[in-house]
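Biologist: I'm new to this one. Can you put it on screen and walk me through it?
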Amino acid sequence: MKAKVFNSLLGLLYIAAIGAIIYLAVYGYEYYMTPIIERPHAELHTSLKPGGIFGHGYGVIGSAFILLLFLYSARKRFLLGLRFGNIRKWLNVHIFFGIIGPLLITLHTAGKLHGLVSISYFSMLAVMFSGIIGRYIYIQIPRDEEGQELALGQLDQKHEELSNMLIENYDISKKSIDRINRMIEPKFSHDSKGIFALFVIITDDIQRPFRFWKLKRYITKTYPAFPPKAIRRIMHLSKTKSLMLRRRKFLGAVTNVFHLWHVIHKPFAWIMIIIMLIHVTITVLMGYKWVF
Ligand code: HEM
């Protein structure tokens with residue numbers, strides 16, 4: 001499936017799922033705000049309590065989503081016969097299930113958090129939020145279209161290609177290319193290592209719009225005859241180049257931080273899943289069958 005079609009489909013799924021969750025949260029708002037001790041008298045209690053027809057349903061669908069997100073691990077290791085599809089797209093599906101699943105489980109709990117199950121719930125939230133940080137680190141590591149990590153040599157080659165593209169397609173002088181390179185090159189005063197590299201990257205992301213605003217002003221002044229479309233393309237190429245330069249500089253540091261992140265992220269995922277399976281088994285043994 002083409003990347004554009006895939007992204008549009010996923011975008012629609014996000015809109016539908018988040019829209020439905022907001023609707024359900026607003027629908028049950030009064031019930032969820034009622035103190036737990038008074039809830040049995042509430043009108044929506046039979047449907048929205050964790051074992052109710054709706055409440056239980058949120059739990060079943062949310063848990064199914066959580067289990068489905070592990071298909072990403074299977075695809076990465078070619079398990080369960082999963083060899084097809086681009087790994088980037090699989091990660092995006094993982095993230096979709098990793099966000100929507102926990103939101104549904106939150107509705108399922110109806111705020112009744114105690115005992116062993118609450119450890120699973122908070123581990124789930126920890127994994128979800130650490131996933132967002134992980135995603136930020138993940139995109140700092142240069143990858144090809146298939147999502148495979150690029151080596152330094154390939155990175156330099158891409159950097160060269162982008163400069164040539166600017167010279168050949170837009171007839172930009174070598175002097176201007178040097179100037180553009182200087183303007184887009186992230187300025188780092190020292191070689192930050194490990195987690196500090198991450199802070200430098202975040203600072204660079206904050207400063208980036210300002211640097212590019214200056215670059216656009218320079219290009220429009222130096223090449224006033226360029227149509228807006230060409231300027232947009234040049235800006236796009238320059239942004240790609242700038243990110244590449246930064247990724248090249250911090251490749252080693254970011255790769256180490258990402259490995260460390262895995263070491264923290266995975267155990268929480270496993271704690272969550274083990275307790276979740278114990279919870280589901282006990283619930284089924286107690287006779288809760290939902291609509292089945
Ligand atoms: C309850 C929710 C989640 C669970 C249980 C979960 C679990 C996992 C697990 C077990 C892995 C390791 C995969 C492997 O290497 O085999 C992983 C990787 C990852 N997850 Fe999640 N995740 C969740 C939510 C999220 C969210 C919300 C995001 C992003 C917004 C996210 C982003 C990532 C990223 C970037 C990786 C690393 C991919 C890689 O190195 O190949 N996760 N997750």
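**Helix packing, ligand and domains**

Modeller: Start with helix 4 and helix 6, whose crossing is left-handed. Keep in mind that this is a predicted model.

Biologist: Which residues of helix 4 and helix 6 make the contact?

Modeller: Helix 4 brings Gly55, Tyr58, Gly59, Ile61, Gly62, Phe65, Ile66, Leu68 and Leu69. Helix 6 answers with His94, Phe97, Gly98, Ile100, Gly101, Leu104, Ile105, Leu107 and His108.

Biologist: At what angle do the axes of helix 4 and helix 6 cross?

Modeller: Roughly 155 degrees, and the axes come within 8 Å. Angles over 145 degrees count as roughly antiparallel, so helix 4 is roughly antiparallel to helix 6.

Biologist: Now helix 1. Is it roughly parallel or antiparallel to helix 6?

Modeller: Helix 1 and helix 6 are roughly parallel to each other. Helix 1 covers residues 3-27. The packing angle is about 5 degrees, with the axes 11 Å apart.

Biologist: Which residues make that contact?

Modeller: From helix 1, Phe6, Leu10, Leu13, Tyr14, Ala17, Ile21, Leu24 and Ala25. From helix 6, Lys89, Asn92, Phe96, Ile100, Leu103, Leu104 and Leu107. By class, the contact of helix 1 with helix 6 has 13 nonpolar residues, 1 polar and 1 charged.

Biologist: Switching topic. Which residues come nearest to the ligand?

Modeller: Ser73, Gly98, Gly131, Gly134 and Ala269, out of 24 residues around the ligand.

Biologist: Which helix supplies the largest share of that shell?

Modeller: Helix 7, with 8 residues. Helix 7 spans 115-138. Helix 4, helix 5, helix 6 and helix 11 also each supply at least two residues.

Biologist: And how does the shell divide by class?

Modeller: The shell around the ligand has 14 nonpolar, 7 polar and 3 charged residues.

Biologist: Let's zoom out. How is the chain divided into domains?

Modeller: Domain 1 is 3-145 + 259-285, and domain 2 is 152-250. Their C-alpha centres lie 38 Å apart.

Biologist: One more pair. How do the axes of helix 10 and helix 11 cross?

Modeller: At roughly 165 degrees, coming within 11 Å. That makes helix 10 roughly antiparallel to helix 11. Helix 10 is residues 194-222, and helix 11 is residues 228-285.

Biologist: Is the crossing of helix 10 and helix 11 left-handed or right-handed?

Modeller: Right-handed. By class, the contact of helix 10 with helix 11 has 14 nonpolar, 4 polar and 4 charged residues.

Biologist: Which residues of helix 10 meet helix 11?

Modeller: Among them are Ile195, Leu198, Ile201, Asp204, Phe212 and Lys216. On the helix 11 side, the residues include Ile231, Met235, Lys239, Arg246 and Phe250.

How values were computed: Residues are numbered from 1 along each chain as its sequence is written. This is a predicted model: local features need pLDDT of at least 70, side-chain atom pairs count only at pLDDT 80 or more; totals for chains, interfaces and linings use all residues. Domain bounds come from an automatic or database domain assignment. Axes are lines fitted to C-alpha atoms, for helices over the stretch in contact, and angles run from 0 to 180 degrees between N-to-C directions. Helices (H or I, at least four residues) and strands (E, at least two) are DSSP runs, numbered from the N terminus. Angles under 35 degrees count as roughly parallel, over 145 as roughly antiparallel, 65 to 115 as roughly perpendicular and the rest as oblique. A crossing is left-handed if the near helix is turned anticlockwise from the far one by less than a right angle, and right-handed if clockwise. Two residues are in contact if their C-beta atoms, placed from the backbone, lie within 7 Å. Ala, Val, Leu, Ile, Met, Phe, Trp, Tyr, Cys and Pro count as nonpolar, Asp, Glu, Lys and Arg as charged, and the others, Gly among them, as polar. A residue is near a molecule or strand if its C-beta atom, placed from the backbone, lies within 6 Å of it.
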